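Please look over the chain shown below.

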Amino acid sequence: MDVHSPLPLLGGLTPAQFMRTHWHKKPLLVRQAVPGFAPTVSRADLFALAGDEGVESRLVQQKDGQWRLRHGPFARRSLPSLQAPDWTLLVQGADLHDDATHALLQQFRFVPEARLDDLMISYASNGGGVGPHFDSYDVFLLQAHGRRRWRIGRQKDLTLREGIPLKVLEHFEPEEEFVLEPGDMLYLPPRWAHDGVAEGECMTYSIGFRSPRRADIAQSILLRLADEATDDDDTPIYRDPKQEAVALPGAIPAALQEFARDAVRRALADPLSVERALGEWLTEPKSNVWFDPAPASGLLEGVALDRRTRMMYDDKHVYINGESYRAAGRDATLMRRLADERGLTAKDLARASDDALELLSSWCDSGWAHARAPQD
Ligand code: SIN
Ligand code: CO
């Protein structure tokens, strides 16, 4: 993507300008970000997705001032009637289940994929919404069907209402208000308070970019490094032939403390280990994702990543669906192109080494990628 070309999606800003002036800093309202936009998933298909066990969905209802939250899957008959007001159905990861929705997400590839979480679709009856709240996400709220009134503000008081199953702000102080029509989009940085209320039947797409918490990253990486450390069968044991008799048996020996510090230092000693664990973690498929193995019939015409595949790279590795591979030279260039463009042409493949072709073919076998049809 040319990050210096103005985009209607960003109201005529270039991706470079948007990232400089708005991303993680201040909201942006774009009228007709996607001109003539129509939902990529029909109401009936969305309800069918919400009935699927492999799809994460929630139903939020407001009745007599009370909030109610239920988790899916939902049989169609367990959803409220379309005429009943004040309910909303939220379906996470719609991009994983539908090609057109996944294709829409590709327009946002001016943000590193490492930051992307998913595309959630909400369906609401008149008055439906999830209440005033804030997220730890950068989010693009794209109106897909009907109208939604958004009120937003830089909330200082983040106190949440107690005793309800949702995170709803106790004292929401909106500063601005917009009504979004199909194709309009509102970008919000993390922690901006917002409340979207459906005006009539309404569908909203939330393209969410998570900001991982330092503690979560540390935990995930340390868990992986711990696994690697225990893989080593030859690891030495603590030895203390010079340990003297003690009168204070409760005290932890200083030598054992040093042995522990050294063990941790060694687990972190490989300068690439943290990067590798991070890449594997970032590309790990969500727990509800599985692939359909499909033995490849040949890769000559090109290859395309499956929409569920997460692929990234750093200086030394390529990562795909939680696995890491050392890559260098021409093969690394090829694999990076696959990660950036999510596909390779027959011309690209003509320059690939046998090892790279074999790897691609195994990814096709696992259903992580697909051989492209000749006309693609
Ligand atoms: C919704 O689509 O109803 C909720 C989206 C959000 O507020 O994050
Ligand atoms: Co939100």
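## A charged residue inside

How far away is the nearest side chain of opposite charge to Asp98, and which residue carries it? The model is predicted. In it, the nearest such side chain is that of Arg307, at 6.8 Å. Asp98 has no salt bridge, yet this residue is buried. A salt bridge would need a side-chain nitrogen of Lys or Arg within 4 Å of a carboxyl oxygen.

Asp98 sits in a loop. That loop runs between strand 4 (87–91) and helix 3 (99–105). Leaving aside residues up to four places away in sequence, Asp98 touches Thr40, Val41 and Arg307.

Three strands form an open sheet in the order 14-10-15. Their pairing is antiparallel. Strand 14 (343–345) and strand 15 (369–371) are the edges, and each pairs on one side only. From one strand to the next, the twist averages 20 degrees.

Strand 10 covers residues 302–305. Three bridges join strand 10 to strand 14, in the antiparallel sense. Gly302 has Thr345 of strand 14 as its bridge partner. Ala304 stands opposite Gly343, also in strand 14. Strand 10 pairs with strand 15 in the antiparallel sense too, again over three bridges. There, Val303 stands opposite Ala371.

## Helices across the sheet

Which strands does helix 7 lie across? Helix 7 (residues 329–341) lies across strand 10 and strand 14. Its direction makes an angle of about 125 degrees with strand 14.

Helix 9 (residues 354–365) lies across strand 10, strand 14 and strand 15. Relative to strand 15, helix 9 runs at about 105 degrees.

## Cysteines

How many disulfides does a search of the whole structure find? The count is zero. A disulfide is a covalent bond between the sulfur atoms of two cysteines.

Are Cys202 and Cys364 buried or exposed? Buried means under 20% relative accessible area. Cys202 has 0% relative accessibility, so this residue counts as buried. Cys364 has 2% relative accessibility and therefore counts as buried as well.

Technical notes
Residues numbered from 1 in each chain as written. Chains lettered and ligands numbered in written order. Predicted model: local features only at pLDDT ≥ 70, side-chain atom pairs only at ≥ 80, totals over all residues. Heavy atoms only, no water. Pairing = 2+ DSSP bridges. Helix = DSSP H or I, 4+ residues; strand = E, 2+ residues; numbered from the N terminus. Axes fitted to C-alpha atoms, helices over the stretch in contact; angles between N-to-C directions. Contact = heavy atoms within 4.5 Å. Buried < 20%, exposed > 50% of the residue type's maximum accessible area, 1.4 Å probe, protein only. Lys, Arg positive; Asp, Glu negative; His and termini not counted. Disulfide = S-S within 2.5 Å.
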